[in-house]
Amino acid sequence: MISQLFQGFGQTMLEVGAALAPLLFIFFIFQVQLFQLPLRKILPILIGFLFTFFGLSLFLQGVYLGFLPIGRLVGSELGALDIIWLLLPIGFLLGFFSAYAEPAVHVLLHQVEKASGGYIPQKGLLYTISIGVGVSVALAMLRLIIGMSLWVFLIPGYAAAFLMLCYSSKAFISIAFDAGGVATGPMTATFILSMFVGLAGEIGETNPLLDGFGMVALVALAPILSVLTLGILFGRKERSN
């Protein structure tokens, strides 16, 4: 059992090491040329790199062993439901909680609240992004059920986003497009995506290769729209005061 859990773990560590090595190399160059930090300050940074290395290695190993298989299994079981329209509320809940638990989203929220001096609260922005992702996953479910093209959602969605740019503040515009990127982090790109691939193999005439993908594009769009909406509401509140 233990050997199965760590099967391929060495290869995973090599992949993570190859990704982190350039960052560590650049840090040492800056340390020698510019920073020249004392050892007591370098040591916590190196320990942080070490924690990151093992954390990412264990996370990716968990993705390969757990998230991807269970996502496909859940998708296959959902595709066998008698009441197929139940996929819409189920998709909303899965999307909401995947964004709510997304580590990259929480990093963004912390940085936003810190940079804005508390003007943009973490909780409000977290619920805004999570609701947007929930709606996008539900729409992706609808796309699978009806067999609609991805362009039907993307073209009007981005057109609406560009229109909303005219009515939102610059701060919220920047946050919105960053939110679209961080929402498609490891939670969405592993469990939710693998679930859609499994689901597409069970519903009607859908093709897992053609219809199981594209959900991430909707997830990237949804936080942009929801955060821009929040920015417009903030702007109206400021004008009313």
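Predicted model: local features only at pLDDT ≥ 70, side-chain atom pairs only at ≥ 80, totals over all residues.
Residues are numbered from 1 along each chain as its sequence is written, and side-chain values use heavy atoms, with hydrogens and water left out.

The protein chain has 11 helices and 0 strands, where helices (H or I, at least four residues) and strands (E, at least two) are DSSP runs numbered from the N terminus. Read along the sequence, the pattern is accordingly α-α-α-α-α-α-α-α-α-α-α. The C-alpha trace spans about 65 × 60 × 25 Å along its principal axes, and of the 241 residues 38% count as buried, a term that means under 20% relative accessible area, with exposed standing for over 50% and partly exposed for the range in between (1.4 Å probe, protein chains only).

Helix α2 covers residues 9-35 and holds Phe25, which counts as exposed because its relative accessibility is 56%. Phe25 also belongs to a nonpolar surface patch of about 600 Å², made together with Ile26, Ile29, Phe30, Leu34 and Phe35. Patches consist of residues with over 30% relative accessible area and no salt bridge, like charges being joined within 9 Å and nonpolar side chains (Val, Leu, Ile, Met, Phe, Trp, Tyr) within 5 Å; a salt bridge is a side-chain nitrogen of Lys or Arg within 4 Å of a carboxyl oxygen of Asp or Glu. Accessible areas come from the Shrake-Rupley method with a 1.4 Å probe.

Gly48 lies in helix α3 (residues 39-79) and, at 28% relative accessibility, is partly exposed. Its C-alpha atom is separated by 45 Å from that of Ile203, which is 155 residues away along the chain. Ala101, in the loop between α4 (87-100) and α5, is likewise partly exposed, with a relative accessible area of 41%, and its C-alpha is 28 Å from that of Ile203 across 102 residues of sequence.

Ala176 and Leu73 are 103 residues apart in sequence and, C-alpha to C-alpha, 33 Å apart in space.
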